Amino acid sequence: MLEAHRPSDWAYRLFVYGVGGLAILFMVAPVAVGLAMSFTSGQTLKFPPDGFSLRWYQALLDPAQSAPIHTAISHSLQIAVLAVIGTVLLAAPAAYGVTRLKPAASAAVEPLMLAPLVLPSLVYGLAALIASGRAGLSPSFGLVVVGHIVVFGPLMYRACAAITQRLDPSLEEASALLGVSQFKTFLRVTLPLMLPGIFAGMFLVFMQSLDNVSVTLFLADPRTTVLPLRMFQMIEESLDVRVAAISGLLIGTVFLCLLVSWRVLEPRRQH
Amino acid sequence: MNRNGLPFLLPMLALSLAGFVLPLALLGVFSFVDTSGSPTLANYQRLFADPFVLSVLVDTIALGFKVVALTTLIALPITLLYWHASPALRRVIVFLTLLPMLTSNVVRTFAWIVILGRQGPISQALVELGLAPAPRSLLFNETALVVVLAQIELPLLVLPVMAVIARSDGALSAAAQTLGAGPWRILVTVLLPMMAPGFLAGWVLVFAGATTSYVTQSVIGGARLIYLPQFVYREVGVLFQWPSAAAVAFVLLAATSLIMLAMTAAARHPRLAGHA
């Protein structure tokens with residue numbers, strides 16, 4: 001602050017506040033554009049739109065016009081919910097179990113649990129297709145769910161491990177001294193403490209599953225249409241403005257979820 | 001006190017071995033056999049002898065590097081703004097980073113079609129300013145694809161760097177300031193080395209995301225630009241060339257891993273990390 005009048009300092013401030021602000025605008029603007037586009041009254045993707053209307057939302061909700069989209073949304077929601085349940089059941093206990101291993105063992109297991117995060121999911125989609133074909137399974141709804149659990153399990157695992165690695169062991173010791181079995185201790189003592197991590201993991205897995213293309217592309221049968229691929233088709237075929245309405249719905253959902261978690265979780269984090 | 005973690009770990013471990021390790025091993029085996037099942041190197045020989053496949057591979061890796069470079073240029077001022085921001089402003093910046101990150105990739109790709117399309121704001125502005133004679137689409141070229149992928153992958157680079165900043169304390173930069181260092185000097189000698197681990201973690205994610213984003217590459221790049229995801233999908237879905245697709249996927253995996261290892265090694269290099 002002593003030498004704030006030096007030209008290099010002015011340049012630095014311009015870089016940080018001017019360019020930084022523009023860069024944030026670049027990062028966020030497309031989301032705002034997607035939302036604004038969904039309220040157009042026009043027939044095309046002209047932006048800025050000529051007028052405001054809810055016609056594309058009406059078209060999207062109309063079962064007569066948009067039945068295939070509804071089917072795709074329903075499939076995607078089912079897959080996402082099942083993936084969330086699967087990752088909670090598998091990854092949350094694993095995140096606890098790994099902290100109760102000998103250090104050498106947990107150091108060996110940890111990278112294996114996290115590996116699907118860094119692998120390009122396209123490579124995994126192909127590998128899973130080949131492996132399931134060898135096992136005599138053809139692409140299906142169930143395979144997509146299993147694929148999503150494998151690929152997004154690490155997200156749940158990481159969110160829970162952030163908590164289990166800091167847990168105070170004396171809580172469990174107290175429970176053990178009172179003669180409670182390890183499993184009951186986990187359910188009654190450890191699991192409640194893990195809930196913030198589980199909720200964060202559920203949110204991440206749900207959003208990622210809803211958006212996934214590369215795993216679904218390989219593992220889904222033709223009847224299992226999903227929302228992102230349906231949108232992809234609609235964009236490729238006709239630049240259908242209903243895609244804007246779907247975008248508006250998805251952006252609104254993310255915005256609301258973020259706002260809620262921002263209000264609910266943040267004050268606690270500041271102690 | 002004898003607590004055993006293994007029973008809690010076993011279900012996920014089983015899924016990981018059967019659903020992840022085994023398929024990848026099979027993919028590896030598949031890339032080394034021919035259609036009758038006997039071992040061969042032909043799949044790889046064919047790949048590396050085919051100039052089209054080689055160009056797809058080189059284009060894909062080049063695309064990854066271009067997107068990493070552009071996201072780095074854009075992420076730096078954002079993370080510096082975060083570094084200088086008050087706690088309240090920091091929360092707003094985190095919110096504005098999470099919002100696009102959690103918004104579906106397909107939705108963001110769609111928004112870019114609106115922005116770069118013939119009737120979009122940029123095309124209209126070019127006509128108004130007299131820089132273009134008539135409205136035209138700015139889509140379907142590599143520059144547009146790099147810009148769009150940079151926007152889509154940007155939060156994956158910004159967040160890890162902000163996480164590193166949030167954990168650091170300002171003592172080092174305050175000390176440098178007391179000793180008379182200007183802001184640019186502090187940026188290069190204190191802040192950049194401090195942020196390097198965050199950038200490294202982000203680069204890996206950005207590279208992996210940019211090279212494998214099937215939808216964005218297809219929609220923004222158009223039909224004439226072919227990258228590995230489209231190529232792999234065509235081999236499998238249209239031509240049923242599984243062994244050759246497996247070989248391509250394995251080359252992609254190997255290339256990605258090598259580049260990630262190189263980035264990690266570079267970040268540990270004393271000239272890059274030694275200042276901290």
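In this predicted model, B:Leu27 reaches across to the other chain: leaving aside neighbours within four places in sequence, B:Leu27 is in contact with A:Leu126, A:Ala127 and A:Ile130, and also with B:Ala246, B:Ala249 and B:Phe250. The residue sits in helix α1 (residues 6-30) of chain B. Is B:Leu27 buried or exposed? B:Leu27 counts as buried because it has 24 C-beta neighbours inside 10 Å, and the cut-off for that label is 20 or more.

What does A:Cys160 touch, not counting residues up to four places away in sequence? Its partners are A:Ala91, A:Ala92, A:Ala95, A:Met194, A:Gly197, A:Ile198 and A:Gly201.

The contact between the two chains can also be viewed as a whole. It takes 79 residues from chain A and 75 residues from chain B. Which element gives the most to the side of chain A that touches chain B? That element is helix α1 (residues 7-37) of chain A, with 18 residues. On this side of chain A, the residues divide into 57 nonpolar, 11 polar and 11 charged.

After α5(A) comes A:Gly136, with a positive phi near 80°.

Helix α10 (residues 227-238) of chain A can be checked in the same way. Its 12 residues should span 16 Å at 1.5 Å a residue, and the end C-alpha atoms are 16 Å apart, which agrees. The buried residues of α10(A) are A:Leu227, A:Pro228, A:Leu229, A:Arg230, A:Met231, A:Phe232 and A:Met234, so a charged residue, arginine, is on the list. A:Leu239 follows α10(A) and has a positive phi near 50°.

A cis peptide bond, with omega about -5°, joins A:Phe47 and A:Pro48, and A:Pro48 is placed in the loop between α1 and α2 (55-61) of chain A. In chain B, B:Phe140 has a positive phi of about 65° although it is not a glycine. B:Phe140 is found in the loop between α6 (121-128) and α7 (142-167) of chain B. Why does B:Phe140 count as partly exposed? It has 15 other C-beta atoms within 10 Å, and that label lies between the cut-offs of 12 or fewer for exposed and 20 or more for buried.

The UniProt record, an unreviewed entry, places the feature "domain: ABC transmembrane type-1" at residues 73-260 of chain A. This span is 82% helix and 0% strand, and its end C-alpha atoms lie 23 Å apart. Within helix α3 (residues 63-97) of chain A is A:Ile85, which counts as partly exposed because it has 14 C-beta neighbours inside 10 Å. A:Ile85 and A:Arg188 are 103 residues apart in sequence and 19 Å apart in space, C-alpha to C-alpha.

Chain B has 13 helices and zero strands. Its C-alpha trace spans about 75 × 70 × 35 Å along the principal axes. Of its 276 residues, 42% count as buried. Residues 24 or more positions apart account for 70% of the contacts in chain B with a separation of 6 or more.

Confidence in chain A is given by a mean pLDDT of 88, with 94% of the residues reaching 70 or more. Over residues 1-5 of chain A the pLDDT is below 50, and this stretch has three contacts beyond near neighbours in sequence. Residues 267-271 of chain A also have pLDDT below 50, with zero contacts of that kind in the model.

Terms used
Residues are numbered from 1 along each chain as its sequence is written. Chains are lettered from A and ligands numbered from 1 in the order in which they are written. This is a predicted model: local features need pLDDT of at least 70, side-chain atom pairs count only at pLDDT 80 or more; totals for chains, interfaces and linings use all residues. Two residues are in contact if their C-beta atoms, placed from the backbone, lie within 7 Å. Helices (H or I, at least four residues) and strands (E, at least two) are DSSP runs, numbered from the N terminus. UniProt positions are given in the numbering used here, feature names are shortened, and annotations may be inferred rather than shown by experiment. The expected span of a helix is 1.5 Å times one less than its number of residues. pLDDT is the predictor's confidence in each residue, from 0 to 100.
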